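I opened the notebook to go through this structure one part at a time. These are the entries, in the order in which I looked things up.

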Amino acid sequence: MSDIVATNQTILVVGGGISGMTAALEAAEVGKQVIVIEKTPSVGGRVTRLYKYFPKLCFPTCGLEINQRRMAANKNITVLTMAEVTDLQGEAGNYTATVKVSPRYVNANCTACGACGDVVAAEFDDEFNYNMSKHKGAYLPHNMAMPKRYVLDPGIIGTDDAQKAKDACKYDAIDLDMQEETIQLKAGAVIWATGWRPYDANKIQPYGYDRIDNVITSVEFERLMDPFGPTGGKLVRPSDGKEAKNVAFIQCAGSRDINYLKHCSRICCMASLKQSTYVSEKYGDDADVSIYYIDIRAIDRFDNFYQKVQQDKNVTFIKSKVANIVENKANGNPVLNGVDTEGYHRYQNEHDLVVLAIGMEPSVDKDTFPIELKVNDEGFIEFDEVNGGVFAAGCSSDALDVNRAVQSATASALRAIQVVNKVAQAEGQ
Amino acid sequence: MSDINTGMVEKYRNNFLKEVEANVEEGDWVKMCMQCGVCSGSCPMGPYWDHPPQELFMMIRAGKRDEVLTSTSMWMCTSCYNCIVRCPRELPITHIMHGLAHYATRLGIEPKGQPTRQFAQLFWDNLAKNGRVNELWLGVNLYFMNGLVEGIKVAMGMAGIGFGMLKAGRLSLKELVGGHTVKDKKGFKAMIKKAQELEAARIDNAQ
Amino acid sequence: MAKEYSFYPGCSSQEAASSSNYLKSVQSMCDVLDIKLNVIPDWNCCSASIGYCGGGELPRLALSARNIALSEQHNAGQDIVATCAACWLATKETQERLDHDAGLMAETNEALAEAGLKLKNETKIRHMVEVLIEDIGYEEMGKHVKKPLDGIKIAGYVGCQTNRPFGIEGESFENPKYLDKFIETMGAEPVEKYDKKVSCCGGALAFSEPEKSQALIKDIIEAAYDGGADMIVTPCPVCQMNVEVYQDKINAKYGTKFHIPVTYYSTLMSVAYGKNGKESGLNGQIIKAEKLEAIAGK
Amino acid sequence: MSGMANEMKIGAYICNGCGIGDRLDSAQLESTAKRDGKAAICQQHDFLCSEAGVNMIQHDIDNEGVNRVVIAACSRRAKTDAFNFQNVALVRTNLREGVIWVRPDTDDQQETTQEMADDYIRMGCAEAKYAKPPAPSGEQSVNKNILIAGGGVSGMKAALEASRAGYPCTIVEKTGALGGATAQLYKKIPTKAPYADPEDTGVAEMIAAVEADSNITVYLNSTLTNTAGAPGRFAADITTESGSTETKDFGAIVQASGFSPYDASKLPEFAYGKNKDVVTQMELEALAKAANGGPIKRPSDGKEVSSVLFIQCAGQRSKKEGHLEHCSGYCCSASIKQAMYFKDQNADIETTVLFTDLRTPGAGGENFYRSGQNKGVSFRKGIASEVVDGANPTVKFKDLILDEDMSEEVDLVVLATGMVPNAGQPTRAQLTDQDNEDMASEKAGEEVEIRIDVESILNLDYRQGKDVPHMDNGFADSHFICFPYETQRTGIYTAGPVRRPMDSQQAMEDAVGAAMKAIGAAENSGLGRAQHPRVGDLSFPTFRKEGCTQCKRCTVECPFGAINEDEKGYPIYNESRCRRCGTCMGACPVRVISFENYSIDTVGQQLKAVDMPDEFSEKPRILVLACENDAYPALDMAAQNKLEYSAFTRIIPVRCLGSVSLSWITDSLNSGFDGIILMGCPSGDDYQCHFVKGSGTAQERMGKVGDTLQSLSLEQERVQTYEISITDIHKVPKIINDMVDTIEQIGMSPFKF
């Protein structure tokens with residue numbers, strides 16, 4: 001790590017999701033030195049876990065391929081994975097970041113040949129699949145992981161598995177003695193792109209996520225569609241593996257609710273509209289989708305997609321915030337209680353599977369930023385003078401869809417460049 | 001229509017929402033409803049409401065004064081507070097329902113025969129008398145609230161329960177005379193009277 | 001040293017009132033746990049949640065305000081503790097409302113002045129189960145168990161008003177677990193996934209809308225039986241009464257064969273702490289809690 | 001070095017790591033490379049991507065004059081950081097993902113697996129032989145000046161931010177003042193917590209900042225009458241109203257031409273134009289400005305408004321003739337803001353917003369909605385059917401909550417009409433059928449001027465049209481979710497409502513990103529580097545003039561309008577407009593177009609290098625031409641997951657299916673391939689092709705393959721085209737194996753020599 005060159009003209013990008021990648025690429029491609037700090041073992045962030053994007057229904061990994069190729073080709077970018085910024089001091093043009101790098105136990109020699117993964121036995125919850133499946137103790141985070149380098153789960157360190165993995169590697173790529181490191185990096189500007197996390201569904205008690213097997217979240221639902229996901233791409237429900245044809249989507253699960261997240265998370269309506277097409281994709285006319293909503297926020301041209309889904313006779317829209325969910329113990333079906341407020345119709349609807357269109361909250365808790373920033377009540381970083389040379393990109397600035405996140409990230413790159421260009425000017429370079 | 005009711009109609013003309021905001025307990029929250037319907041779906045008595053809370057709120061905004069105030073709906077409230085804890089806008093719905101019921105009563109246009117309205121009034125009268133509830137008299141009054149004949153029928157139907165309670169020592173005929181009371185009955189009554197006066201003065205009394 | 005509280009028993013806990021047996025068991029329980037309850041002198045009714053028709057807002061606030069003021073005057077420095085859900089709720093709501101509305105606070109004090117009282121509104125209002133959980137703790141509660149309630153399966157019916165809108169700190173509105181923990185601590189077995197745990201029993205509407213309420217009560221009892229319960233336990237006098245006393249009527253209407261005892265958490269604790277049936281208020285059961293009696297009688 | 005670069009010298013390097021050495025006979029591979037591949041140098045290494053392996057190669061480059069490097073190891077997508085050599089043509093031969101990972105490790109399969117590997121060595125060397133290290137043409141140099149079309153808040157913001165980073169900007173504004181639509185507002189939607197009240201627009205301050213910035217030049221009352229050139233060397237004619245023209249050079253362009261308000265006279269049902277007290281949101285802004293904080297007066301009689309009703313989605317979200325299909329995104333917040341104009345002045349004014357879906361997303365949006373409610377703005381879910389003319393307009397609507405037809409008589413009705421983008425003229429390809437018919441009837445076969453009522457914004461001197469192509473609903477947007485700024489005209493980035501419906505705050509944020517993109521384009525195109533998606537690629541197309549028949553197919557089919565024609569009809573490639581997809585190469589019937597490292601030969605010679613077994617060997621050969629962006633990664637990932645496919649497969653990645661020349665198909669059929677599979681990206685409305693229409697164009701062209709097959713008396717099934725997404729990991733092996741089955745059924749090709 002000591003070979004990383006960072007100066008007051010370096011741009012530090014915190015977070016290697018699509019926003020961080022975009023910001024890093026835009027800056028690096030005009031010649032700026034960029035260091036990307038990514039918490040997980042690979043870049044790409046949340047979009048790597050999506051099956052499709054709305055409204056085009058194209059695949060996120062397609063753009064990821066392009067961005068990863070751009071990153072690999074660009075010598076101005078240094079990526080530190082399994083790394084977190086623990087402290088940030090200074091001001092625009094002169095920051096020092098303290099970065100904690102966790103051991104991967106696998107070095108750059110790794111060819112991703114997979115020999116280590118073949119020999120280990122123990123399995124661990126796979127966070128990539130929202131813990132709906134397991135990965136082995138030596139694993140590649142996912143098919144498109146960048147860096148394409150295996151990771152040892154810390155759980156196998158000190159066990160036989162660790163030694164087996166090391167012995168299986170012909171390239172001396174496994175280093176069981178790797179330690180956590182703390183390094184300090186200089187930077188002129190910082191792009192904060194730590195993104196979002198799904199709101200904790202357990203907190204939305206009326207929906208029984210913690211009590212009813214067949215109530216899942218929208219991010220989990222995405223994983224079901226991945227042929228390499230927890231169900232091998234089958235759209236089946238957790239309790240009994242039954243085909244989930246009659247699926248309910250509950251909007252504003254956590255969002256627009258003072259009890260949980262008071263903001264609108266923007267993406268969830270579109271996500272459910274998109275996911276309604278997944279059910280049709282799998283089951284054709286047997287699909288029976290119900291979308292329970294307050295307002296369908298298919299903003300701007302996304303409305304065209306909404307209009308298209310409205311034409312689908314297998315999709316029903318119910319203007320209602322579902323009151324609560326109970327389980328039909330006989331068949332495991334969730335039963336939704338509520339009132340359709342368009343004309344007052346009381347319902348008690350049973351579905352195979354319920355998907356909570358889970359809200360988006362910033363990944364970093366409001367009071368835990370390593371430097372003083374203008375953060376609003378919702379936890380998003382606002383654009384403000386007091387932030388100095390720290391610029392929010394993507395979902396750390398607001399609840400945004402991918403397109404808007406990338407747009408925001410592109411803007412943040414320019415703002416960071418303004419700062420480092422000023423430094424360069426002052427330093428006469 | 002009572003005079004006070006006519007006065008209110010006069011005063012607020014087309015703006016029932018404003019009337020509610022000014023005169024109904026927690027009425028200024030009504031405008032914050034976003035019609036999600038979680039309250040309506042959460043109510044244990046839901047199936048019996050002609051107009052569930054969220055619809056009442058919309059009706060208030062639409063100026064449906066008579067329909068709202070003469071409705072039996074808000075008298076269905078069991079005070080279970082499901083609606084309050086689930087409301088995404090934190091509207092104190094239970095209190096607004098109580099407030100609407102009380103306001104209708106104040107105006108004298110509440111649904112007269114509605115059993116909960118009758119019981120609620122009995123309950124208040126009972127406690128206001130001695131400062132504490134006399135359960136026996138409350139029961140007796142309740143059973144006979146619709147007249148003697150009806151009352152005997154109801155009382156006969158409830159006799160089993162009454163005997164059970166008596167046997168278990170959870171009801172006493174002693175309560176028929178005297179019974180529990182606060183000691184400072186005078187102070188208590190003066191307090192209630194004052195509170196009622198203050199409220200009447202504040203709530204736009206057209207009289 | 002005994003923990004002292006300013007106690008608000010409420011109308012239903014009075015002598016020969018509908019939950020006088022609740023008070024009995026609470027006293028026994030407190031005796032074991034070294035809790036001293038100092039009754040608020042000359043307390044009055046809280047008007048529960050049904051007094052609204054005749055009462056209006058300010059008179060109802062004045063009722064609870066009077067109790068708090070009396071407590072502040074006579075039991076200064078002590079938290080107010082109520083055993084009745086409605087009493088606790090009405091008092092706590094009053095406190096909160098007056099805290100947030102200076103106008104109402106001034107008017108309330110104007111009314112209180114007629115009774116020679118003044119409200120500071122600085123007293124903590126608590127339910128007995130809060131005292132048990134927060135001040136005593138499950139561990140301590142468990143230490144005093146002399147006769148574990150082995151072999152009894154109990155549905156913990158929390159109901160509404162001890163649960164909403166305030167509820168017990170750290171518990172969810174939809175699935176509070178404290179009552180189950182009480183049951184476990186006393187050596188009995190709670191019903192897992194008791195669906196009707198927080199459903200409404202109809203409250204005061206059991207009187208005015210008996211059929212509608214009894215339909216709700218039926219579901220509560222049915223779910224308890226479905227969970228294999230021998231009995232139901234609750235922290236609320238209205239719940240206790242409604243669920244216990246209408247079983248015959250429900251049986252007559254729905255053809256069910258309900259006969260399940262409904263007691264208070266304090267009843268369980270009193271029995272588990274070795275108190276006899278009378279001390280535990282078991283004689284107040286209309287449907288006898290035979291399994292508890294058997295243990296109490298040992 | 002440069003002298004040596006002309007003498008082609010192939011170095012082939014075979015990796016024995018990751019099981020390659022265990023599974024394959026590397027000695028044989030080496031001799032194949034030398035004998036068939038004509039590799040001057042061939043070395044093996046047990047761990048080629050290690051420092052030692054890389055050093056070995058670099059040594060040969062530095063000391064042995066190797067300038068064509070063939071890495072026979074893993075996929076071209078793996079270890080790119082290790083195998084990154086300067087000034088050489090680099091070829092990756094895929095023995096790991098392409099051979100051993102897709103084949104079972106059994107003795108009986110050994111022979112065919114080895115044949116597969118040997119062929120790939122031959123193919124790699126053949127490619128290397130015809131590839132040259134790319135170098136920029138020097139057609140342009142870095143020009144840091146940014147041209148900004150439009151002086152509204154988007155344009156001003158782009159200029160201010162680019163200038164702050166050190167890039168001089170020129171704003172060309174059609175009207176006599178800066179500020180655009182935002183300047184017409186009384187106030188704007190709040191942009192900061194607590195998002196409770198309307199905010200000052202800040203336009204005056206912005207104009208002052210622009211005027212104070214010596215790095216920004218403003219042309220008012222001016223338009224762009226001609227924009228020639230390419231990124232890095234745009235030459236724009238800026239013409240003032242008076243007619244004087246000045247030509248200036250720019251590196252890149254930001255188009256911030258904004259929107260026009262929807263024409264509300266298309267809404268007779270709402271009595272617009274008939275009743276003066278029915279106004280649009282923009283017109284209400286004027287009333288509010290006039291009132292300046294005092295009571296807002298209505299147009300008909302100047303009466304102070306005491307009740308106002310806003311009809312949301314007026315003429316929007318509707319497929320009705322003349323309506324806008326899209327939601328304009330900002331109108332819900334705008335109506336809340338405007339209702340506050342009334343409420344903040346006098347809380348007794350009745351304000352009602354009639355909506356179907358209230359759309360106020362994000363943290364700010366929901367707070368603003370709540371603030372509106374808190375101020376007493378009434379929100380009703382309903383659909384307005386009619387506004388009845390009268391002394392006061394009466395709105396008839398269905399209240400969807402109360403499920404009841406209702407009407408409200410109010411002093412003023414405000415129509416929330418939407419945004420129509422000022423996107424200029426459609427391209428030739430985007431003209432309606434009627435337009436095309438008209439043109440065709442005019443002078444068949446000859447070039448005619450495109451005559452369209454809409455004024456052009458940029459007046460691009462581009463063969464395909466004067467403006468950036470329009471996308472859905474007429475916005476000049478990107479079609480890509482991951483790449484929101486990518487228009488189909490390189491170095492020109494749209495910002496603000498011309499790109500997508502948005503409010504002024506979003507437009508300004510959008511402009512900052514567009515400025516970033518413009519700076520990137522100016523910097524990179526100056527150095528000859530490609531823009532998205534082949535960022536940094538130095539190769540560019542050239543053509544052999546003597547062979548060109550001036551057929552213009554390349555100029556028509558280029559997805560980015562890069563190619564112009566000279567006066568004789570020969571193509572002018574405009575290197576920096578080019579995205580390097582090769583669609584022109586695929587289009588060229590006479591095969592005269594090529595890139596240094598990607599040409600008819602680099603692919604054509606590969607398929608000819610395949611060792612073709614005879615007809616009776618029972619060893620068919622299947623050629624797969626796979627898009628490098630999606631299909632090839634899918635094949636890689638299939639291998640990574642050890643999904644098997646036939647050993648008879650020979651895969652060649654292509655930049656885009658649009659670059660596939662029919663000659664490759666004909667050649668491979670003639671050389672005895674039994675089946676050919678083309679794998680491109682999904683096309684159509686929701687196309688996934690990174691080169692917009694490369695895959696679609698390819699499919700059209702492949703329609704003609706049928707004739708070729710027929711003329712060769714071959715079965716139609718032998719050539720198949722598939723749309724493959726990057727996620728089709730299970731599908732790609734199946735397609736290949738199905739083709740093998742098909743060949744088994746229809747028999748081997750007779751064209752084996």
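**Entry 1: chain D as a whole**

I began with chain D and found 20 helices and 29 strands. Helices (H or I, at least four residues) and strands (E, at least two) are DSSP runs, numbered from the N terminus. The model is a predicted one, in which local features need pLDDT of at least 70 and side-chain atom pairs count only at pLDDT 80 or more, while totals for chains, interfaces and linings use all residues. Residues are numbered from 1 along each chain as its sequence is written, and chains are lettered from A and ligands numbered from 1 in the order in which they are written.

The C-alpha trace of chain D spans about 95 × 60 × 60 Å along its principal axes. Of the 753 residues in chain D, 59% are buried. A residue counts as buried if 20 or more other C-beta atoms lie within 10 Å of its own, as exposed if 12 or fewer do, and as partly exposed in between, with C-beta atoms placed from the backbone. I then looked at contacts in chain D between residues at least 6 apart in sequence, and 71% of them join residues at least 24 apart. Two residues are in contact if their C-beta atoms, placed from the backbone, lie within 7 Å.

**Entry 2: domains of chain D**

I listed domain 1 (1-133), domain 2 (146-258 + 446-526), domain 3 (262-421), domain 4 (542-582) and domain 5 (612-753) for chain D. Such bounds come from an automatic or database domain assignment. The C-alpha centres of domain 3 of chain D and domain 4 of chain D are separated by 52 Å.

**Entry 3: a sheet in chain D**

I looked up an open sheet of 4 strands in chain D, with the order β2-β1-β3-β4 and parallel pairing. Its edge strands are β2 (41-45) and β4 (89-94) of chain D, each pairing on one side only. The twist from one strand to the next averages 15°. Two strands pair if DSSP finds at least two bridges between them. Between β1 (residues 10-15) and β3 (residues 68-73) of chain D I noted 5 bridges in the parallel sense. Here D:Tyr13 stands opposite D:Ile71 in β3(D).

Which strands does helix α5 of chain D touch? Helix α5 (residues 107-130) packs on the sheet against β1, β3 and β4 of chain D, and its direction makes about 165° with that of β4(D). Helix α4 (residues 51-64) of chain D lies across β1, β2 and β3 of chain D and runs at about 165° to β2(D). Axes are lines fitted to C-alpha atoms, for helices over the stretch in contact, and angles run from 0 to 180 degrees between N-to-C directions.

**Entry 4: strand β19 of chain D**

In a regular strand the side chains alternate between the two faces of the sheet. I checked β19 (residues 412-415) of chain D: D:Leu412 and D:Val414 point one way, D:Val413 and D:Leu415 the other way, and all are buried. Strand β13 (residues 278-280) of chain D pairs with β19(D) in the parallel sense over 3 bridges, and D:Val278 has D:Val413 as its bridge partner. Strand β14 (residues 307-311) of chain D also pairs with β19(D) in the parallel sense, over 4 bridges. There the bridge partner of D:Phe310 is D:Val414.

I found helix α9 (residues 331-345) and helix α10 (residues 362-374) of chain D packed at an angle of about 35°, with axes 10 Å apart. In this contact D:Ser333, D:Ile336, D:Ala339 and D:Met340 of α9(D) meet D:Gly365, D:Phe368, D:Tyr369 and D:Gly372 of α10(D). By class these residues are 5 nonpolar, 3 polar and no charged. Ala, Val, Leu, Ile, Met, Phe, Trp, Tyr, Cys and Pro count as nonpolar, Asp, Glu, Lys and Arg as charged, and the others, Gly among them, as polar.

Chain D puts 8 residues in contact with 8 residues of chain B. On the side of chain D, the elements that give two or more residues are α10 and β16 (378-388).

**Entry 5: chain A against chain D**

How many residues does the contact take from chain A and from chain D? I read 60 from chain A and 69 from chain D. On the chain A side, α8(A) gives the most, with 12 residues.
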